[in-house]
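Take some time with the sequence and the structure before reading on. The paragraphs below go through a few places in the fold, one after another, and can be followed with the chain in view.

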Amino acid sequence: MIIQNTRNRRQFLRGAVGASAAVGIATRVPNVFAQAAASQVDDANGRILVVVQLSGGNDGLNTVVPYLDELYRAARPTLALARDSVIRIDDQLALHGSMTGLARLLEDGMLGIVQGVGYDQPNRSHFESMDIWHTCRRKHEPRPAGWLGAFLDSDPKQSGSDVPALHIGNRQQPMALLARNVRVPSIDSVDQFQLRGDNVSLGSLLRNVTPTTAEEANELLGFVQSSTSAAVVASQQVAQAIGEYRTDINYPQSRLGEQLKTVAQLIDAGLKTRIYYVELDGFDTHSKQAPAHSVLLEQWSEAVSAFMRDLVVTGNARRVAVMSFSEFGRRVAENASGGTDHGAAAPMFFCSERLQQPILGKSPDLSHLYDGDLQFQIDFRSVYASVLKQWMDTDPTLVLGSQYDQLDLFRI
């Protein structure tokens, strides 16, 4: 039985989540830029996609838990979650007990779960599988761009944006953002985006940069060279956002919490950026999985739920969708080290005020495995096609190269 509406979700989850302290939503006056953007909420060009990459291979079975399935308990004699420790969704599925933040979003109709996402002949290498997810192509196929970079290249409107897409973090930029014609900057903080060092203004940076130093500079500086006027405007708006941004939402004291708070600031500044990309690493839980996985899920859940509540306050929630994914799930059976090894299919997650339904896809079938792994039900490229068409308002075949069935993800 899938919970079909918000009222039923609230009734079902209240008992499980009620013990957790509810987080209040404070009111404040949205930034003037954000007010203008929010007025364009039904304009597809104003919609924003925030990607949260869960790196390392998230254990989907202990995230969305088939808590009554005896095959689940038989395969995981020590890792199977106790029935009284999970947050029940329905009579088949539950969320990990540490995911109270996302459970509240589910209760409010702002969390969607896509079950059994993967691809045929799955690759269990972190790097290769992530590259497949990023480019929708295998190693022997040409990879001129990532799927999000291909979207930017396919849409000429993006070339006039302040910053068409932005990667926030100190790790290597994900291949998903690789584009042929559009430069995507990476930053580690809002302050870095202002491009101001000690007593060095943005203008002096631009005047003093030569082609030689640009080749040696980071991606952000290269972006400024190629898009000077847009970058200046963007930097000014970010400066205003830093000065005016106030929130009473308690973001968690975690790296992901800081990154998503930065995204909220930039959205509130009124940038025309369509895509934001952040990462949470550490999901390669080969040993002693239980405590590490619990901490990671709590960090992800609390950061994303705080971000969504903040967007509600600023009036931006209806134009933002958050997509969380991992390069693969884990194997069904636990290993001898109290962990799980690289697997295949796993759930994806969406947060938005415009979701069609809370759960897409069937509960995992543990009686029909593929080489010890869950068999995928939904090709990840079908999920991408749905996001591209329904949320980003573009022809998915221009990006993916082929036609894929779409899911009923969003109400537009």
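In this predicted model, helix α6, which runs through residues 147–154, is mostly covered, with six of its eight residues buried. The buried residues of α6 are W147, L148, G149, A150, F151 and L152, so a residue counted here has under 20% relative accessible area.

Where the two helices pass, α12 goes by α13 in a right-handed crossing. On the side of α12 the contact is made by L256, G257, L260, V263, A264, I267 and D268, while α13 contributes Q299, W300, A303, V304, F307, D310, L311 and T314. Sorted by kind, the residues in this contact of α12 with α13 comprise ten nonpolar, three polar and two charged ones.

The next topic is charge. Side chains of opposite charge can pair when their charged atoms come close. In this model the count comes to 15 salt bridges, and a few of them can be followed one by one.

Begin with R124, which forms a salt bridge with D371, the closest N and O atoms being 3.5 Å apart. This pair links distant parts of the chain, since R124 sits in the loop between β5 (111–118) and α5 (126–135), whereas D371 sits in the loop between β12 (369–370) and β13 (373–374), 247 residues apart. R124 is partly exposed, with a relative accessible area of 27%, and D371 is exposed, with a relative accessible area of 53%.

R124 also forms a salt bridge with D373, and here the closest N and O atoms are 2.4 Å apart. Again distant parts of the chain are linked, with R124 in the loop between β5 and α5 and D373 in strand β13, 249 residues apart. D373 has 0% relative accessibility and counts as buried. Which residues are linked with R124 in a network of salt bridges? The network joins R124 with R331, D371 and D373.

Finally, consider D379 and R381, whose side chains meet in a salt bridge with a distance of 2.7 Å from N to O. Are these two residues buried or exposed? D379 is buried, and R381 is buried as well.

Note on methods
Residues are numbered from 1 along each chain as its sequence is written. This is a predicted model: local features need pLDDT of at least 70, side-chain atom pairs count only at pLDDT 80 or more; totals for chains, interfaces and linings use all residues. Side-chain values use heavy atoms; hydrogens and water are left out. A crossing is left-handed if the near helix is turned anticlockwise from the far one by less than a right angle, and right-handed if clockwise. Helices (H or I, at least four residues) and strands (E, at least two) are DSSP runs, numbered from the N terminus. Contact means heavy atoms within 4.5 Å. Ala, Val, Leu, Ile, Met, Phe, Trp, Tyr, Cys and Pro count as nonpolar, Asp, Glu, Lys and Arg as charged, and the others, Gly among them, as polar. Buried means under 20% relative accessible area, exposed over 50%, partly exposed in between (1.4 Å probe, protein chains only). A salt bridge is a side-chain nitrogen of Lys or Arg within 4 Å of a carboxyl oxygen of Asp or Glu.
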